[in-house]
Amino acid sequence: MSLNSSQFSKPYRCAIYFVPEVHSAWWQAGSAWLGRCAATGQSLAQPRLSDISPEAQWATTSDPRRYGWHATLKAPFQMLSGEDVASVVSSLHALAKTLPAFDLPALQVSKQDGFLALRPVGDVSRINSTAAACVKALHRLAAPLSEADVARRRQAALSPEQDRLLLAWGYPYVFDEFQFHLSLTGRLDGMSEAEQTAWQGAAQAHFHDLPVCRFDRLALFVEPTPGADFQWVDQVELLA
């Protein structure tokens with residue numbers, strides 16, 4: 001299914017994400033939580049959260065809102081000169097013919113790494129192998145990182161292995177360093193323990209009664225211009 005890829009033949013950056021089906025309860029719940037639908041670009045009314053003001057809610061979800069409701073498989077990258085969105089879509093179609101769909105393990109709200117995200121509990125081997133396949137299949141289309149990009153990434157105090165992956169694959173958190181997650185907030189470091197607990201409780205209440213989430217598609221998101229909101233522009237379905 002193509003959503004609106006013809007509008008973005010040569011965007012600033014592309015990314016390959018997992019996203020739930022656009023009409024599913026999972027897509028609707030996540031998009032409402034962030035306050036934006038990345039498929040349409042429209043702002044959405046956020047759910048009212050207990051003990052959290054609307055202003056704080058909007059500000060705290062601003063970082064993930066720009067990227068849209070998703071889990072990263074292939075992190076945002078600039079394309080090589082001569083490549084375009086059609087090249088990415090073609091590679092995704094070829095890749096999807098080799099990857100089976102599956103049900104995600106239970107997803108749990110976690111404060112790991114200083115921000116709230118839904119993270120899987122249980123066997124993640126199929127998730128990790130799918131993400132690794134995306135990294136490898138799309139790497140040939142990605143432009144090398146600039147020296148400025150490398151320096152910016154290194155500000156995160158990377159481990160030696162993460163630094164090696166950065167230089168080899170353009171991103172430090174791939175393969176054994178990869179951790180599947182759907183981001184719910186920006187960093188919570190400046191909040192009190194009580195505020196962080198309120199956020200975690202609100203997220204658990206919002207997502208707790210959703211059905212099993214099916215991992216059955218790879219989605220192409222683009223950043224049209226530097227700093228713009230990411231848009232969901234195309235997708236390919238995995239083997240049933």
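The crossing of helix 4 and helix 5 is right-handed, a crossing being left-handed if the near helix is turned anticlockwise from the far one by less than a right angle, and right-handed if clockwise. The model is predicted, so that local features need pLDDT of at least 70 and side-chain atom pairs count only at pLDDT 80 or more, while totals for chains, interfaces and linings use all residues. Residues are numbered from 1 along each chain as its sequence is written, and side-chain values use heavy atoms, with hydrogens and water left out.

Helix 4 and helix 5 pack at an angle of about 135°, with their axes 10 Å apart, which makes helix 4 oblique to helix 5; angles under 35 degrees count as roughly parallel, over 145 as roughly antiparallel, 65 to 115 as roughly perpendicular and the rest as oblique. The table lists the residues in contact, meaning heavy atoms within 4.5 Å.

| Helix | Residue range | Contact residues |
|---|---|---|
| Helix 4 | residues 85–96 | Val-88, Ser-91, Leu-92 and Leu-95 |
| Helix 5 | residues 125–138 | Ala-133, Cys-134, Ala-137 and Leu-138 |

The sheet is open, with 3 strands in the order 4-5-6 and antiparallel pairing, where two strands pair if DSSP finds at least two bridges between them. Strand 4 (106–110) and strand 6 (182–187) each have a single partner strand, so one side of each is left without a neighbour in the sheet. Strand 5 (residues 115–121) is joined to strand 6 by 3 bridges, and Ala-117 stands opposite Ser-183 in strand 6.

Methods
Helix = DSSP H or I, 4+ residues; strand = E, 2+ residues; numbered from the N terminus. Axes fitted to C-alpha atoms, helices over the stretch in contact; angles between N-to-C directions.
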